[in-house]
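Please consult the sequence and the structure shown below while reading.

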Amino acid sequence: MAMTPDEFYDHARAAADGELRLPLARMTGWDISPFEPEGLRVSPLRPPVLPEPPRHGEDPADCGMCRARDEGLWFTDHWRLDRVAGVGVPLALMLYPRDHYDLAELPDELAAELGVLTTRIVRHVQALPHVSRAHVYRLGDGAAHLHLWFFARPAGQLQLFGSWLPVWDDLLPEYPADAARADAETVADALTASYGGRRTATA
């Protein structure tokens, strides 16, 4: 059985210093880290907050993702894909179910569709010129409506490998919107050809 919230906090606190700061992670020493370890320090541990505050959209009537069910770049009856604007990587896409589901609540038919769609989107993003990988992220702490991130890692940028990519994305200057829009439309066209659905006029 997992530790209780207080047990987990006490366990972590035992490894912290007098200011409740844990040692730097091994990841900060990797050559792909966006931060130099010297002068970097960990934020103090905070005690657990229970009950946790509700996520955005816990009540479907208040869910912005539900209200946007007809907005996006590509659609089927069950899914919509949209481009995330203002990012630093060449392309970031977001896949949502059009109806209100979180990952654990997806009916088996939609879960099977999600697997195929994820593979197709990754395949089409990685087929773009000057893109090496498509990273896929599902977090779920901020919103109750399922949303999957697809980040395009630019070719040759070895410092942007792996789990630090979302942090690098936040540090990089905004990628040119026209180029990202054109690539998003290319992915949507390829997805329409390989999977079906329909693409809208703009990304």
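## Overall architecture

The chain contains 5 helices and 6 strands. Helices are DSSP runs of H or I with at least four residues, strands are DSSP runs of E with at least two, and both are numbered from the N terminus. Along the sequence, these elements follow the order α-α-β-β-β-α-β-β-α-α-β. This is a predicted model, in which local features need pLDDT of at least 70 and side-chain atom pairs count only at pLDDT 80 or more, while totals for chains, interfaces and linings use all residues. Residues are numbered from 1 along each chain as its sequence is written, and side-chain values use heavy atoms, with hydrogens and water left out.

Taken along the principal axes, the C-alpha atoms of the chain fill a box of roughly 60 × 40 × 25 Å. The accessible surface of the chain is about 12000 Å², and 54% of that surface belongs to carbon and sulfur atoms; such areas come from the Shrake-Rupley method with a 1.4 Å probe, and for residues only the protein chains shown count as cover. Of the 203 residues in the chain, 37% are buried. Here, buried means under 20% relative accessible area, exposed means over 50%, and partly exposed lies in between (1.4 Å probe, protein chains only). Among contacts (heavy atoms within 4.5 Å) between residues at least 6 apart in sequence, 60% join residues at least 24 apart.

Helix α3 comprises 19 residues, 108–126. The expected span is 1.5 Å times one less than the number of residues in the helix.

The buried residues of α3 are Leu110, Leu114, Leu117, Thr118, Ile121, Val122, His124 and Val125. They cover an arc of only 160° around the axis, which places them on the same side of α3; the arc is that of the directions from the helix axis to the C-beta atoms. An α-helix has 3.6 residues a turn, so residues three or four places apart point the same way. On the other side of α3, Asp108 and Glu109 are exposed. The buried residues of α3 pack against β1 (74–75), β2 (79–83), β3 (92–97), β4 (131–137), β5 (148–154) and α5 (177–194).

## Aromatic pairs

The structure holds 4 aromatic pairs. Rings of Phe, Tyr and Trp (its six-membered ring) pair if their centres lie within 6.5 Å; planes under 30 degrees apart count as stacked, over 60 as edge-to-face, and the rest as tilted. One of the pairs joins tyrosine 137 and phenylalanine 151, whose ring centres are 5.5 Å apart and whose planes stand at 75°, so the pair is edge-to-face. Tyrosine 137 lies in strand β4 and phenylalanine 151 in strand β5, so this pair ties together parts that are 14 residues apart in sequence. Both tyrosine 137 and phenylalanine 151 are buried.

Phenylalanine 151 also pairs with tryptophan 149: the ring centres are 5.6 Å apart and the planes at 55°, so the pair is tilted. Phenylalanine 151 has a relative accessible area of 5%, whereas tryptophan 149 is partly exposed at 23%. Tyr137, Trp149 and Phe151 form one aromatic cluster.

## The loop between β4 and β5

Arginine 138 is located in the loop between β4 and β5, and its relative accessibility of 37% makes it partly exposed. The C-alpha atoms of arginine 138 and leucine 148 are 5.0 Å apart, although the two residues are separated by 10 residues along the chain. Neighbours within four places in sequence aside, arginine 138 contacts Asp102, Leu103, Leu146, His147 and Leu148.

## Cysteines

A search of the whole structure finds 0 disulfides, a disulfide being a pair of cysteine sulfur atoms within 2.5 Å. Cysteine 63 is in no disulfide, and the nearest cysteine sulfur, that of cysteine 66, is 3.7 Å away. Cysteine 63 is buried at 0% relative accessibility, and cysteine 66 is buried at 18%.

## Backbone features

Most residues other than glycine have a negative phi, and most peptide bonds are trans. A cis peptide bond joins leucine 50 and proline 51, with omega about -5°. Proline 51 lies in the loop between α1 (5–13) and α2 (64–67).

Leucine 20 is also found in the loop between α1 and α2; its phi is positive, near 65°, and it is partly exposed at 23% relative accessibility. Histidine 130, in the loop between α3 and β4, has a positive phi near 70° and is exposed at 68% relative accessibility.
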